[in-house]
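Open the model in your viewer and keep the selection panel at hand.

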Amino acid sequence: MPFRLLVPLGLLYLLLPLHHGAPGPDGTAPDPAHYRERVKAMFYHAYDSYLENAFPYDELRPLTCDGHDTWGSFSLTLIDALDTLLILGNVSEFQRVVEVLQDNLDFDIDVNASVFETNIRVVGGLLSAHLLSKKAGVEVEAGWPCSGPLLRMAEEAARKLLPAFQTPTSMPYGTVNLLHGVNPGETPVTCTAGIGTFIVEFATLSSLTGDPVFEDVARAALMRLWESRSDIGLVGNHIDVLTGKWVAQDAGIGAGVDSYFEYLVKGAILLQDKKLMAMFLEYNKAIRNYTRFDDWYLWVQMYKGTVSMPVFQSLEAYWPGLQSLIGDIDNAMKTFLNYYTVWKQFGGLPEFYNIPQGYTVEKREGYPLRPELIESAMYLYRATGDPTLLELGRDAVESIEKISKVDCGFATIKDLRDHKLDNRMESFFLAETVKYLYLLFDPTNFIHNNGSTFDAVITPYGECILGAGGYIFNTEAHPIDPAALHCCRRLKEEQWEVEDLMREFYSLKRNRSRLKKTKSSGPWKPPAGPGTFPAPERQAGVREKKRRAPLLSCPSQPFTSKLALLGQVFLDSS
């Protein structure tokens, strides 16, 4: 469909007063230290308001200064904010909240809960906090990270979700009763993201607990979606999990589909799984062929590829960040800059934006303080260092504070045209929006570790390496340490796999280097610097008891397919 989409700016960008630390007339970039403190103040204004006015309810209602349950009565904001506390450096409050959750969290309740939301917010939040608890100074029990109270809570919550996967297609229902399972008469129609957004949390859970059921059901659901794609390689928006028939046939990258694509990439990196990455790359080809126009992404009919909705949804703003994870930086920046023009037009991203008309869509004018564009800015800044990305962070801080801040927290913006507010502060504001803003302005945060520092931990299965970086964020921005998945293996041989692969890698590199040289320059050695190590010495499958140096200074995981680092992916070309 060879037409070009012209985007009139329409409204002028909201003129916001810039604080000290914002760029001056000379165009200097925003001062990261200044905005780190601003973001930290935003967090505590929202967090303290929740504790004072809304706890133990799920979320804060900032206009009436009270709370309400939204996704299941879990004190959800507390769980969602827990790892953000550590990222901001508040270990004492992290420790206090862990004790509160241990004493109060109960999943044996007669509540209908979203399977998707419970997984990404509760299971993901508890897993992340469990893996970060030692760093936060929590006294961990013997056997950690393969055991611990937060891990047991995450497992309990996940088991409550398992009945939803008992369908003829292996694709889960969207809602489950935590006490009784799937209600009779529950709708079998589930969105694509609600089926394909489990592999990160469930594979982590299986690796830590040794129970394969979680990863098995997540993989089965992913594969059934893959098998249900159309002849032109697209998936729709909603599907019947009993019959496997598509109910909503709109294909795109936004709401209802988004985190399915995200989890193919993140699952591939987390698990070093070539098949998951190959699936995403096939989808990516179809998405480019049928939905991409002038670096925007439209909605099309999944079987024909004809445009059904020429709109940009705010949830689609995660896509440039995902592109950066597969190394497609140029296209990521082009799309990001398109989305940034919309932010500049309104001081936020409306839920729906009509691309040809360059304006909001009726009844979709709101901005619930979503994180996706900020998330992409964080990933792209790590990959490029482009100061434009810091400017987005600055604009987000200024907009949110000017428009959304009230006495009891930050309120959802009901309408970006006139800045009317809604009486809700979603838990993802503290889990994602504030976290990604802070990480954008904090280049030395432990989350950005490049492998130069790490912790060696003794488990019942041997020594493992944690905290070396490479964290995988779930779709609620809860960071998972990929090395932890290799701490609780039952077979010693699996602990040696990475050693064998890295020794082969260095051997291959040495041989290639020798071919290029006409004269020998002495015996080859691995390059010095962070992330390098001597090849382990092992004969006849017997490990030497005495090691000359730490074995690894990066996450202990197989490198058979891809290693993602700072926004780049290195493919195995052997």
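Contact here means heavy atoms within 4.5 Å. This is a predicted model: local features need pLDDT of at least 70, side-chain atom pairs count only at pLDDT 80 or more, and totals for chains, interfaces and linings use all residues. Residues are numbered from 1 along each chain as its sequence is written, and side-chain values use heavy atoms, without hydrogens and water.

**First stop.** Select helix H12 (residues 329-346) and helix H14 (residues 387-404). Their axes come within 12 Å and cross at roughly 25°. H12 and H14 are therefore roughly parallel (angle under 35 degrees). Now show side chains. From H12, Met 333, Phe 336, Leu 337, Tyr 340 and Trp 343 meet a set in H14 that includes Leu 389, Leu 392, Arg 394 and Asp 395. The contact of H12 with H14 has 8 nonpolar, 2 polar and 3 charged residues. Nonpolar covers Ala, Val, Leu, Ile, Met, Phe, Trp, Tyr, Cys and Pro; charged covers Asp, Glu, Lys and Arg; the others, Gly among them, are polar.

**Second stop.** Select H13 (residues 372-384) and H15 (residues 428-440). Their axes lie 9 Å apart, at an angle of about 25°. H13 and H15 are therefore also roughly parallel to each other. On H13, pick Ile 374, Glu 375, Ala 377, Met 378 and Tyr 381; on H15, pick Thr 433, Tyr 436, Leu 437, Leu 439 and Leu 440. This contact divides into 8 nonpolar, 1 polar and 1 charged residue.

**Zoom out.** Select the whole chain. Among contacts with a separation of 6 or more, 70% join residues 24 or more positions apart.

Notes
Axes are lines fitted to C-alpha atoms, for helices over the stretch in contact, and angles run from 0 to 180 degrees between N-to-C directions. Helices (H or I, at least four residues) and strands (E, at least two) are DSSP runs, numbered from the N terminus. Angles under 35 degrees count as roughly parallel, over 145 as roughly antiparallel, 65 to 115 as roughly perpendicular and the rest as oblique.
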